[in-house]
Amino acid sequence: MTTKPELSISSLETGELGLLHLRRYWSKRLLEVEGRLDQESVRNEYGLDFTLMQGLGLGIVEPAEYLFHQRPSYAEFEQWIVQKLDGRPERALAERLNKMVRCYMEQPPRSYPIEEKDIQEPVLSAEDLAFWQENGYVVLRNAVPAEDCRNAELAIWDFLGMDPQIPESWYDGTHIFWVPLFQHPILNKNRAAPRIRKAFEQLWGTDDLWATVDRSSLNRPERGGINISGPSRLHWDVSIALPIPFGVHGLLYLSDTSAEQGAFRCVPGFHHRIDQWLERLAPEQNPREQDLESLGPVPITGSAGDFVLWHHALPHGSGRNLAHYPRVVQYITLFPHDHGIHPVWK
Ligand SMILES: O=C(O)CCC(=O)C(=O)O
């Protein structure tokens with residue numbers, strides 16, 4: 001039986017799982033479904049909702065869909081979480097999440113990247129960091145063991161009901177590009193890969209990071225001249241209202257990826273010039289609808305196990321796969337709970 005929530009529920013109210021903010025999150029989503037959520041009044045909580053869902057290991061897609069379609073009671077929502085995670089969140093995780101919620105509510109956000117933090121046992125060299133500074137992207141080689149990539153790739157094939165050896169099976173069903181497989185032990189293992197964590201720590205300048213539980217993608221070779229390569233149009237995933245706060249995104253190649261195999265593409269160095277570029281546009285020109293291809297995107301190739309990190313101010317997108325084998329990718333981003341979010345979407 002669905003109860004009518006009130007947004008009078010504070011972040012400090014908990015339920016059976018003892019998690020701060022979770023009840024308020026549930027309440028907000030249900031009010032949203034009914035069109036009764038005052039979005040403006042909760043705008044500054046977006047990062048908190050996001051971190052809580054990612055930190056729990058759920059991601060943001062599945063809980064929102066479940067709440068939207070089922071409109072459960074709070075007790076039912078907690079039970080759903082336990083079932084999704086194959087058990088209650090461990091005590092140490094629950095304590096870390098509760099600490100994060102208090103920090104989010106009580107302390108001002110830090111400014112990133114934090115320069116002075118001394119990261120032990122770095123994985124990105126001084127040359128890598130100089131390359132990152134100049135180009136806004138960098139590739140961490142051998143971020144994940146080959147076996148873990150292979151197993152993740154197989155989990156994705158299995159989820160899609162396709163056979164990597166039988167190209168006909170790649171085009172049988174409804175698959176386009178994205179793979180909405182979130183919960184899987186091997187995907188979780190990759191999300192916790194120590195070298196990936198360390199690279200993000202170096203770029204953000206902190207080890208207080210949370211990992212996203214994001215989808216994967218399988219970018220098939222084009223057939224019959226039809227472009228089926230997902231987000232091949234260059235774009236940004238963040239607001240490009242100025243100033244754009246610092247942010248890093250990442251993807252893990254699960255299969256070897258050549259330039260013509262639908263590799264990730266981005267415009268190197270554009271984070272240094274996006275401000276001037278935006279300022280030169282006339283007010284009626286939508287930046288997202290400009291000819292971003294003319295900015296000079298380059299394909300970033302990699303072997304299975306290589307990890308691409310990019311500054312979110314770079315226009316980016318997948319390439320068209322003109323080769324013979326799909327490009328398989330897992331998206332993984334690590335972020336601090338108080339990373340900047342521009343209040344205006346542009
Ligand atoms: O998969 C890719 O190469 C691009 C992914 C992308 O555009 C995105 O994550 O926003």
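In the predicted model, the protein is divided into domain 1, spanning residues 22–106, and domain 2, spanning residues 126–335. The C-alpha centres of domain 1 and domain 2 lie 26 Å apart, and contact between them involves 9 residues of domain 1 and 8 residues of domain 2. On the side of domain 1 that touches domain 2, the elements giving two or more residues are helix H3 (46–56) and helix H4 (61–70), with H3 giving the most, namely 3 residues. By class, this side of domain 1 has 5 polar, 2 nonpolar and 2 charged residues.

The packing of H3 against helix H6 (residues 91–106) was also examined. The axes of H3 and H6 come within 11 Å and cross at roughly 170°, an angle that makes H3 roughly antiparallel to H6. From H3, the contact is made by Gly47, Leu48, Thr51, Leu52, Gly55 and Leu56, and from H6 by Leu97, Met100, Val101 and Tyr104. By class, this contact of H3 with H6 has 7 nonpolar and 3 polar residues, and no charged residues.

The largest nonpolar core has 49 residues, and those with the most contacts inside it are Leu140, Ala199, Leu252, Val308 and Leu309. Helix H11 (residues 194–204) gives the most to this core, with 5 residues. For valine 308, when residues up to four places away in sequence are not counted, the residues touched are Tyr137, Val139, Gly250, Leu251, Phe264, Ile300 and Gly302. In soluble globular proteins, nonpolar side chains tend to be buried together.

Of the 11 residues of H11, 8 are buried, so H11 is largely enclosed by the rest of the structure. The buried residues of H11 are Ile196, Lys198, Ala199, Phe200, Glu201, Gln202, Leu203 and Trp204, a set that includes the charged residues Lys198 and Glu201. These buried residues pack against helix H7 (126–135) and against strands E1 (137–140), E5 (248–253), E8 (307–311) and E11 (334–335). H11 is followed by glycine 205, whose phi is positive, near 80°.

Arginine 141 is placed in the loop between E1 and helix H8 (146–160). With 12 other C-beta atoms within 10 Å, arginine 141 is exposed. Although arginine 141 and phenylalanine 307 are 166 residues apart along the chain, their C-alpha atoms are separated by 6.4 Å.

Two cis peptide bonds can be described. The bond from tyrosine 112 to proline 113 is cis, with omega near 0°, and proline 113 lies in the loop between H6 and H7. A cis peptide bond also joins leucine 242 and proline 243, with omega about -5°, and proline 243 lies in the loop between strand E4 (216–219) and E5.

Histidine 21 has a positive phi of about 70° and lies in the segment before helix H1 (22–33); with 26 other C-beta atoms within 10 Å, histidine 21 is buried. Glutamate 121, which has a positive phi of about 45°, is found in the loop between H6 and H7, and with 8 C-beta neighbours inside 10 Å glutamate 121 counts as exposed.

Definitions and conventions
Residues are numbered from 1 along each chain as its sequence is written. Domain bounds come from an automatic or database domain assignment. Two residues are in contact if their C-beta atoms, placed from the backbone, lie within 7 Å. Helices (H or I, at least four residues) and strands (E, at least two) are DSSP runs, numbered from the N terminus. A nonpolar core is a set of buried Ala, Val, Leu, Ile, Met, Phe, Trp, Tyr and Cys residues joined through C-beta atoms within 7 Å. A residue is buried if 20 or more other C-beta atoms lie within 10 Å of its own, exposed if 12 or fewer, and partly exposed in between; C-beta atoms are placed from the backbone. Axes are lines fitted to C-alpha atoms, for helices over the stretch in contact, and angles run from 0 to 180 degrees between N-to-C directions. Angles under 35 degrees count as roughly parallel, over 145 as roughly antiparallel, 65 to 115 as roughly perpendicular and the rest as oblique.
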